[in-house]
Amino acid sequence: MSNVWDDVEPRVYESRIKVPYTWQAGETASNFLLSLKNDKKFVGKKCDKCAKVLVPPRKSCPYCFAETGDWQDVSDEGVVETFTIVRRDTGIMPMKPPYAYAVIKLDGADTGLVHLLGEVDLGEVRAGLRVKAVFDEERTGKLLDVKYFKPV
Ligand SMILES: [Zn+2]
């Protein structure tokens, strides 16, 4: 007995789908984002057990799993811990390639924040580079209220 697919060469069709979505940021992330919007200030949560200051803040500590406690202000300056150069346009970022993405540890924080680098020669980007946040004049309560971090 023959199968209807015996005479058909299988093909793979490549495509893309767009799936817009929204979600409730929650109390911890909302407080962080509102601090960026209203005060141009970074805040973190301090773990009561291991004393690490988490930025972006977390409701529970990823190191010891304890619930985090007090809010703590941290600097808008910090150090690039690692980075990558983006060379392909995904169409979703405010910058056109090439640009740099970095993990930035703000002064006073124990964890890194992922963000864009701007006003920088990409050949000069390195771990240890000191950078400072550049805030957008029109802020709406999202991480891109910080346009990018630039070298200081
Ligand atoms: Zn902890």
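Trainee: In E7, which residue is the bridge partner of glutamate 77?
Mentor: This is a predicted model. Strand E4 covers residues 77-86, and E4 pairs with E7 in the antiparallel sense over three bridges. Glutamate 77 has its bridge partner in E7, and that partner is lysine 132.

Trainee: How many bridges join E4 to E5?
Mentor: E4 and E5 run antiparallel. Within this pairing, valine 80 stands opposite isoleucine 104 in E5. The number of bridges that join E4 to E5 is eight.

Trainee: What is the order of the open sheet of three strands?
Mentor: Start with E1 and E2, which run antiparallel and are joined by two bridges. Lysine 46 has valine 53 in E2 as its bridge partner. Next, E2 and E3 (68-74) each have a single partner strand, so they stand at the edges. The order is E2-E1-E3.

Trainee: Which element gives the most to the largest nonpolar core?
Mentor: The core has 26 residues, and those touching the most other members include Val55, Ile104 and Leu106. Among the elements that give two or more residues are helix H1 (26-39), strand E1 (42-47) and strand E5 (99-106). With five residues, the top contributor is E5.

Trainee: Which residues does valine 55 touch, not counting those up to four places away in sequence?
Mentor: Valine 55 belongs to the largest nonpolar core, as do Val74 and Leu106. Both are also on its contact list.

Trainee: Is threonine 22 buried or exposed?
Mentor: Threonine 22 is found in the segment before H1. Threonine 22 has 5 inside 10 Å, so it counts as exposed.

Trainee: How far apart are the C-alpha atoms of threonine 22 and aspartate 48?
Mentor: Along the chain, these two residues are 26 residues apart.

Trainee: What is the radius of gyration of the chain?
Mentor: The chain has one helix and eight strands. They run α-β-β-β-β-β-β-β-β from the N terminus. The globule rule gives 15 Å for 152 residues, and the chain is well over that, so it is more spread out than a compact globule. Its radius of gyration is 21 Å.

Trainee: What share of the residues count as buried?
Mentor: The C-alpha atoms fill a box of roughly 70 × 40 × 30 Å along the principal axes. To count as buried, a residue needs 20 or more other C-beta atoms within 10 Å of its own. Of the 152 residues, the buried share is 22%.

How values were computed:
Residues numbered from 1 in each chain as written. Predicted model: local features only at pLDDT ≥ 70, side-chain atom pairs only at ≥ 80, totals over all residues. Core = buried A, V, L, I, M, F, W, Y, C linked by C-beta atoms within 7 Å. Buried ≥ 20, exposed ≤ 12 C-beta atoms within 10 Å, placed from the backbone. Helix = DSSP H or I, 4+ residues; strand = E, 2+ residues; numbered from the N terminus. Contact = placed C-beta atoms within 7 Å. Pairing = 2+ DSSP bridges. Rg over C-alpha atoms; globule rule 2.2 N^0.38 Å.
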